[in-house]
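Hello,

Here is the structure you will be taking over. Please open it first, then read my notes below.

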Amino acid sequence: MGEKWTTANIPDQRGRVAVVTGANTGLGYETAKVLAEHGASVVLAVRNTEKGERAAARMTGDVTVQALDLTSLDSVRATAAALHSRLDRIDLLINNAGVMYTPKQTTADGFEMQFGTNHLGHFALTGLLLDLMLPVPGSRVVTVSSTGHRIRAAIHFDDLHWERSYSRAGAYGQSKLANLMFTYELQRRLAAHGTAAVAAHPGVSNTDLIRNTPAALRLPVTWLAPLVTQTPAMGALPTLRAATDPGALGGQYYGPGGRNEVKGHPRLVTSSPDSYEVAVQQRLWAVSEDLTGVKYPAVQARQNSVPSGSAITR
């Protein structure tokens with residue numbers, strides 16, 4: 001393939017089933033739209049089903065809508081049950097939905113909103129749907145992270161839910177770092193089964209996540225957006241490559257190829273050194289199972305070395 005990977009590089013997706021979270025707007029919408037255009041049967045897993053139906057009406061192909069509220073584990077379990085009743089396989093699970101820089105608040109289960117939505121909700125959903133993916137050759141779990149995983153980012157095991165003090169940027173960075181650690185540990189566990197876990201980030205894309213930017217920064221960010229951001233369609237390309245490129249391997253991470261990974265066509269990138277800490281990945285996994293009550297009994301963790309047939313690259 002040429003260096004500038006585009007949607008023209010996507011193979012025929014007919015016969016494949018894709019579930020995309022947060023697919024009624026922004027990056028998720030563009031991801032779902034392109035997959036449907038290439039023949040996949042796409043399920044838009046969204047919090048607001050009315051908006052989801054309007055989004056589906058603007059797409060071509062086999063597109064349906066499923067209610068999903070990642071801020072509620074009850075909703076995540078209900079969604080998983082509903083998908084089990086309507087699907088006999090899932091080829092692609094795109095963990096795209098997310099929130100950014102929210103004011104201090106908690107999910108229905110008492111989790112800090114960004115960590116609960118971006119990481120724990122997707123951790124639970126993936127675990128509950130994995131049995132529909134493991135038998136499917138070439139199935140992939142693609143989780144969308146962010147360059148924000150490098151900013152004030154750490155897994156604060158002593159205060160995961162920011163009850164002592166709250167930083168919007170710090171909480172967002174923790175959630176996006178958790179997305180990557182989840183991907184790398186999931187790949188370690190999936191390697192013997194054939195399903196791949198891959199990560200992606202959109203660079204800086206002009207989406208409605210800006211709504212929670214602090215008020216003092218919102219107007220300057222809006223003015224500068226045309227200069228420092230790319231369109232949602234371009235921002236979705238790393239996710240689409242992670243999901244569909246035949247050469248993509250489990251444990252890889254895709255992002256824009258331009259300077260500082262802000263813009264550009266997707267390529268392999270590396271995440272922060274902290275994200276590759278195996279002991280922290282495994283501790284986060286155990287804590288996530290405890291918090292969500294979702295176990296992954298069908299997969300067994302391998303040794304700390306990188307599994308054969310995958311690529312966890314620094």
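**Salt bridges**

Arg16, Arg89 and Asp91 are linked to one another in a network of salt bridges. Please keep in mind that this is a predicted model. In total, the count comes to 10 salt bridges. Side chains of opposite charge can pair when their charged atoms come close. Three further pairs are described here.

Start with Arg14 and Asp12. Their side chains meet in a salt bridge, at 2.5 Å from N to O. Arg14 is exposed, because its relative accessibility of 64% is over 50%. Asp12 has 45% relative accessibility, so Asp12 counts as partly exposed.

Next, look at Lys295 and Asp290. They form a salt bridge too, and the closest N and O atoms are 3.6 Å apart. Lys295 is partly exposed, at 44% relative accessibility. Asp290 is exposed, at 60%.

Then go to Glu185 and Arg188. This salt bridge has its closest N and O atoms 2.8 Å apart. Are its two residues buried or exposed? Glu185 is buried, with 0% relative accessibility. Arg188 is buried as well, with a relative accessible area of 2%. Both values are under 20%, and therefore both residues count as buried.

**Helix α5**

Glu185 and Arg188 both belong to helix α5, which covers residues 168-190. They sit three residues apart, about one turn of the helix. An α-helix has 3.6 residues a turn, so residues three or four places apart point the same way.

How many of the 23 residues of α5 are buried? The number is 21, so α5 is largely enclosed by the rest of the structure. At 1.5 Å a residue, the 23 residues of α5 should span 33 Å. The end C-alpha atoms of α5 are 33 Å apart, which agrees.

**Where α4 packs on α9**

Two packed helices are described by the angle between their axes and the distance between the axes. Take helix α4 (residues 113-129) and helix α9 (residues 278-292). They pack at an angle of about 85°, and their axes are 10 Å apart. An angle of 65 to 115 degrees counts as roughly perpendicular, so α4 is roughly perpendicular to α9.

Which residues make the contact? From α4 come Phe115, His119, Leu120, Phe123 and Ala124. From α9 come Leu284, Trp285, Ser288, Glu289, Leu291 and Thr292. By class, the contact of α4 with α9 has seven nonpolar residues, three polar and one charged.

**The loop between β5 and α5**

Two residues in this loop deserve a look for their backbone angles. Arg152 lies between β5 (140-144) and α5. Its phi is near 50°, a positive value in a residue other than glycine. Arg152 is exposed, with a relative accessible area of 59%.

Trp162 lies in the loop between β5 and α5 as well. Trp162 is not a glycine, yet its phi is positive, at about 55°. Is Trp162 buried or exposed? Its relative accessible area is 9%, so Trp162 is buried.

**Where to begin**

Then turn to the contact between α4 and α9, where the axes are 10 Å apart. Finish with Arg152 and Trp162, which both have positive phi.

Best wishes

Definitions and conventions
Residues are numbered from 1 along each chain as its sequence is written. This is a predicted model: local features need pLDDT of at least 70, side-chain atom pairs count only at pLDDT 80 or more; totals for chains, interfaces and linings use all residues. Side-chain values use heavy atoms; hydrogens and water are left out. A salt bridge is a side-chain nitrogen of Lys or Arg within 4 Å of a carboxyl oxygen of Asp or Glu. Buried means under 20% relative accessible area, exposed over 50%, partly exposed in between (1.4 Å probe, protein chains only). Helices (H or I, at least four residues) and strands (E, at least two) are DSSP runs, numbered from the N terminus. The expected span of a helix is 1.5 Å times one less than its number of residues. Axes are lines fitted to C-alpha atoms, for helices over the stretch in contact, and angles run from 0 to 180 degrees between N-to-C directions. Angles under 35 degrees count as roughly parallel, over 145 as roughly antiparallel, 65 to 115 as roughly perpendicular and the rest as oblique. Contact means heavy atoms within 4.5 Å. Ala, Val, Leu, Ile, Met, Phe, Trp, Tyr, Cys and Pro count as nonpolar, Asp, Glu, Lys and Arg as charged, and the others, Gly among them, as polar.
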